[in-house]
Amino acid sequence: MDTTQLLKGVLDLAVLAVLREEDGYGYDILRRLRSAGLDEIGDASVYGTLRRLFAAGYLTTYVVPSEEGPHRKYYSLNPSGRSQLKNGGETWRGFAATMDALLESR
């Protein structure tokens with residue numbers, strides 16, 4: 001099964017989950033998603049998701065100077081983002097349980 005379409009539906013939630021424990025910049029977030037097993041995620045998808053989540057008011061940003069290159073823009077969850085992560089996680093678990101039940105009954 002091609003997971004590309006599945007990823008589109010859950011990328012927002014995955015990015016929020018990655019930022020739950022630690023702030024991160026774009027490439028760092030991409031690397032953490034891939035190391036968690038979401039290997040097929042493209043960098044453009046992650047950067048677009050970060051912009052969308054920021055515009056929706058779920059993330060805050062700050063810039064950290066880097067001695068090795070351009071400054072890095074860090075993203076962090078704010079209270080609205082934590083609430084969205086909690087609600088999205090509940091929705092996902094309910095959906096996954098429904099799909100598991102459907103697949104097991106066949």
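**Notebook: core, sheet and ring pairs**

I began with the largest nonpolar core, which has 19 residues; Val15, Leu19, Ile29, Leu33, Leu50 and Leu59 touch the most other members. By nonpolar core I mean a set of buried Ala, Val, Leu, Ile, Met, Phe, Trp, Tyr and Cys residues joined through side-chain atoms within 4.5 Å. Buried stands for under 20% relative accessible area, exposed for over 50%, and partly exposed for what lies in between (1.4 Å probe, protein chains only). I then listed the elements that give two or more residues to this core: helix H1 (4–18), helix H2 (26–35), helix H3 (43–55) and strand S3 (72–77). H1 gives the most, with 7 residues. Helices (H or I, at least four residues) and strands (E, at least two) are DSSP runs, numbered from the N terminus.

The model is predicted: local features need pLDDT of at least 70, side-chain atom pairs count only at pLDDT 80 or more, and totals for chains, interfaces and linings use all residues. Residues are numbered from 1 along each chain as its sequence is written, and side-chain values use heavy atoms, with hydrogens and water left out.

**Leu19 and H2**

I looked up the contacts (heavy atoms within 4.5 Å) of Leu19. Not counting residues up to four places away in sequence, Leu19 touches Gly24, Ile29, Arg32, Leu50, Leu59, Tyr75 and Leu77. In H2, I found Gly26, Asp28, Ile29, Leu30, Arg32 and Leu33 buried. Their cover includes H1, strand S1 (24–25), H3 and S3. After H2 comes Gly37, with a positive phi near 115°.

Thr49 lies in H3 and counts as buried because its relative accessibility is 1%. Leaving aside neighbours within four places in sequence, I find Thr49 in contact with Leu11, Asp12 and Val15.

Glu22 sits in the loop between H1 and S1; its relative accessibility is 52%, so Glu22 counts as exposed. I also checked Glu22 against Ser76: the two are 54 residues apart along the chain, and their C-alpha atoms are separated by 7.5 Å.

**Sheet**

I traced an open sheet of 3 strands, in the order S1-S3-S2, with antiparallel pairing. Two strands pair if DSSP finds at least two bridges between them. S1 and strand S2 (59–64) are the edge strands, each pairing on one side only. S2 and S3 pair in the antiparallel sense over 6 bridges, and Tyr62 stands opposite Tyr74 in S3. H3 packs on the sheet, touching S2 and S3, and its direction makes about 120° with that of S2. Axes here are lines fitted to C-alpha atoms, for helices over the stretch in contact, and angles run from 0 to 180 degrees between N-to-C directions.

**Ring pairs**

I counted 3 aromatic pairs. Rings of Phe, Tyr and Trp (its six-membered ring) pair if their centres lie within 6.5 Å; planes under 30 degrees apart count as stacked, over 60 as edge-to-face and the rest as tilted. Tyr25 and Tyr74 have ring centres 5.3 Å apart and planes at 70°, so this pair is edge-to-face. Tyr25 lies in S1 and Tyr74 in S3, so the pair ties together parts that are 49 residues apart in sequence. Tyr25 is buried at 19% relative accessibility, as is Tyr74 at 18%. Ring pairs link Tyr25, Tyr62 and Tyr74 into a cluster.

Trp92 and Phe95 form a tilted pair, 5.9 Å centre to centre with 40° between the planes. Both are in helix H4 (residues 79–104), 3 residues apart, and so are separated by about one helical turn. Trp92 is partly exposed at 41%, and Phe95 is partly exposed at 47%.
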